[in-house]
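Welcome! Let's walk through a helix and some aromatic contacts together. Please have the viewer open as you read.

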Amino acid sequence: MDHEFSRPLTLKLICQSLQSLSGEKLAKGFAGIASGQRGMTFVLESFIKRIGQPIEKEFGLHNKGCWILLKGDDQFSDKQIAGFAPCMATKLRSYVFPAEADRIVAASYPALRPAQRRKLLETMRTSGLIEEDVIWYSTKSKQYRSRVVYRLPYQRFSDHLIARHLLRAYLDVSSPAAIKGSFADSSPLGSIFQLTNRNFGHYAEPGWAQALITEFPERVGNKLPPGHRELFFALPPGAQDLNAYFEPFIEGLFWRNPTSFTEGTRTVINKYLDEGSESWERVVDALAAVATKPSHPYHAQRLYKYLSSYSMVDRDLYWSEYLRRRYASPTIHRLLTWAEKLDTVNMTRDAAAELVVLFSLVLTTVVRSDRDLATKALVLIGEQHPDVLFSHVVTCLEFNDPYLPERALAAAYGTALSLVDSKNAASFQPLLGDLAQKVYRKMFAPRARHATHHTLMRDYALGIIEVAQQAGCVKLPKTAVGHLSRPFSNTPSPFTSNGTPDDSVTNAIEGAIQMDFGNYTIGGLIPNRANYDGNKPDYVRTRAKIERRIFDLGYRSDRFKHIESEIGQSSWNARDEHKVDRYGKKYSWIAYFEMWGERDANRKLPDWRQDNRTADCGVDPTFPKMPPDWMPPLPDLFGPPAANTKDWVAGGFTPNWHSLLVVPEINGHQDEWVLVEGFVQGTDREHDRKLFAFLRGMFVAKKDVDTLRSKFLSIDYPGNNKIPEGADEHYLFAGEPGHRHNFARHLLKRNGKYRRQMAEAFHEYVRDYSAGEKKSLVVEIASMLGEAIGNQEASAHEFIIPATRHIPGIRAELPSIHFGWESYHSEQNTFSGFDIPAPSLIQRLGLSCCKREIDFFDPSGRLATLYRQAGEGLSGDKHKLLYIRADLLRHYLKETRQVLVWCNWGERDWLTKMSGYNILPNKDRQQVFQAYGHIHRVFSQWSAKDCVVL
């Protein structure tokens, strides 16, 4: 992940040089490009050999002749004619003059005439094998003139080729003293590291210096002790300048052979880590790059161990700030960019082991989008190598920043939901069982070291255990039931305050809790509290405890003052999913989630929040995938052309939906698929027409079909919930249905079984004039303005709500619920607003989803439901359709003694209704709509016996 790989020319060179390789050779090629001199020259050599073949044929050169001209021929004792690279090394300059190039070609190919040699050099130039450049020099008369020169292509790689000749010619490895002497001030190698005012504190040849620093440990081998096997210690005292050494050292770290990382390297790295934040960030960025390499001595686990030794605050001031400042952390952000394609990448287990650790370290960041993307990357890697992810998740429980283990557990939970019922279930479930066992022992069992009230961590951990239990792959002690439920008696409180406000704490964390967070977020934990009521005793105690917890975590406003100001200026108006949190808010979130969990465990949350997931859960770790595109067999939506749009809107055309209600195939899945919920919208821009339709499937008793049909066809307007809708789930994770009973709780019975989702269609409440005034409800509402209305007092307004009576409708079962995850949580959870089967269908039919798909499978692994959608926005063509396999539906309806009917209705309308935000005047539209002439509707019934629409 070195920044060289983000340069188009370097990528071009690598791709061109490796494109002819395959299989094992290709793998070795990629592994070698960043492993010292052999790897660096391999890429250049491969490229030059490929480009040089037609040139060699045209000019009658030897096989690999172009490569030998550039890298040098060992048969020549005079290195000035042996090749371009040896000539440059001998002359100690990075170019050759055209006359020197001509002599090099003539020495190897004396039969070529001068004109042929010039043509050969020109062909090599135009083919990219050498580069033409201009240098400027001053004459004795102090005039400036230019000369054309030739350079080797791709400096990063060619520098290593030249370094090979420099080391061969001038490095004496016979003894430690001889090695040091090779870099004396007066020596050729020493001249490369000379410091002059003209170089502004840099070495005379920084490119060559970097190549030599990279190659040196490999060249000297055991001739020097490990502690001195770094070129810095072989330089003369005047050249041992850490500032000058820094750039070529850091730039070369990624390209070193892993065996070249010695004790001397560690000494230099540690010196730079102690130099200040800027050098710290550069070194860490370089280490993050090498940490992606499997089996590297500076592997990701070493970086993890180093960073885990920091206190939370110090790590935030260094590492999390490094992550936040994108210009300071290019390696991590290139890695995150690459992570977006991880679902199409196959990786080895060794590579996965490094990447899991590295991505987990990104989880400390306050940049929400980066944290969410790192979480998704962990899930995607976990799907390929769950054992690697699960092993590291257990390790993460020790980390002293809750931000990291929280999201590591989230990734493990997302992976568990993805794989537990997949085709790989047989090999995966033992891994899940082992993880569940360890999570229980470390977080819930007596004397659990990592027990926590952090509501998100606990929810993910409980989810892992519950999924494993449902799959039958974990066996916990009988006593575990008590430890896995309220009040979580084995979990100590993280709050050291008794609830008494402490001004010294408040002042120390000043600004961490800002107004909205204090009022709405913390205030939402307190039952029966009015907004901005800062004096309610329970609120005062709770806030004091949270403030003390922020203090105990280490946050001090003076240490983050300048950083918080910078974040505030750049992120104050960003959308939630793009927001960069202040560090004070990070610490506030941690304390808040712990307080939520503690109050939830003791049933002290407001009633409407009991048993619910917090709305601030951040990310859905199941990361549902968009279903594939499918073109449904839509009927004609507009019918025969009418004279004008008014006649069409009022004309009574109703589409025939039969072709869409039962289909024989969806995306190649041959079966009988029956629609249970749908929406269709079509537009005819030529005639300014639009039609939409709700295709509402319901299960009803056979005896109620005629009554339902009559009600549906006779009512003026079937909208406004006359036809009931399924429940909305806003904080359900997409992969949870079928795996966990933590949603649609209004339908969940104590025994863990779901009730059918029953509702009344076409019921209504009407004014009950027989009740008299005694049964009317009088409501007093406080006046915010303090103004009197009529004869009433200024402090309150009185309203009379008349008595009503209920006219029953038809009981119907709703076959779907709506997945309404709100996209503001995370830009990684952009797919939402789809329908899934109702809990009773899922449970009775044994359905579950897997691999982050929203389609459900039956216990045999066959597809059971399919959801397909297309189109977005308020206007334009679109559809949303949920189907269930006919045999499963038939079984369910037989078991519940019901039939499937559809109340399909919608509206015909003018397409153009608005001009900006204003409604265009249209008397015709008003007339048609008042008479409900624009409504279209059709009632249908499914014959389960022969799978046809009646």
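## Before we start

A residue is called buried when its relative accessible area is under 20%. That cut-off is handy for what follows, and please keep in mind that this is a predicted model.

## Helix α12

Let's begin with helix α12, which covers residues 206-220. It has 15 residues, and at 1.5 Å a residue these should span 21 Å; the C-alpha atoms at its ends are 21 Å apart, so expectation and model agree. The helix has a kink of about 35° at Thr214, shortly before the proline Pro217. Just after α12 comes Gly221, with a positive phi of about 55°.

How many of the residues of α12 are buried? The count is 12 of the 15, so the rest of the structure largely encloses this helix. Among the buried residues are Trp208, Leu212, Ile213 and Phe216.

Now for the rings, where the structure holds 51 aromatic pairs. In one of them, Phe517 and Tyr592 have ring centres 5.9 Å apart and planes at 70°; planes over 60 degrees apart count as edge-to-face, so this pair is edge-to-face. The pair joins distant parts of the chain, with Phe517 in helix α27 (residues 515-522) and Tyr592 in helix α30 (residues 583-601), 75 residues apart. Phe517 has 6% relative accessibility and therefore counts as buried. Tyr592 is at 0% relative accessibility, so Tyr592 counts as buried too.

Another pair is made by Phe834 and Tyr867, whose ring centres are 6.0 Å apart with planes at 50°, so the pair is tilted. Here, too, distant parts of the chain are linked: Phe834 belongs to strand β14 (residues 834-837) and Tyr867 to strand β15 (residues 865-870), 33 residues apart. Phe834 counts as buried because its relative accessibility is 1%. Tyr867 counts as buried because its value is 0%.

Which ring does the charged end of Arg371 sit over? That ring belongs to Tyr403, and the charged end lies 3.8 Å from the ring centre.

Notes
Residues are numbered from 1 along each chain as its sequence is written. This is a predicted model: local features need pLDDT of at least 70, side-chain atom pairs count only at pLDDT 80 or more; totals for chains, interfaces and linings use all residues. Side-chain values use heavy atoms; hydrogens and water are left out. Helices (H or I, at least four residues) and strands (E, at least two) are DSSP runs, numbered from the N terminus. The expected span of a helix is 1.5 Å times one less than its number of residues. The bend at a residue is the angle between axes fitted to the seven residues ending there and the seven starting there. Buried means under 20% relative accessible area, exposed over 50%, partly exposed in between (1.4 Å probe, protein chains only). Rings of Phe, Tyr and Trp (its six-membered ring) pair if their centres lie within 6.5 Å; planes under 30 degrees apart count as stacked, over 60 as edge-to-face and the rest as tilted. A charge sits over a ring if NZ of Lys or CZ of Arg is within 6 Å of the ring centre and within 35 degrees of the ring normal.
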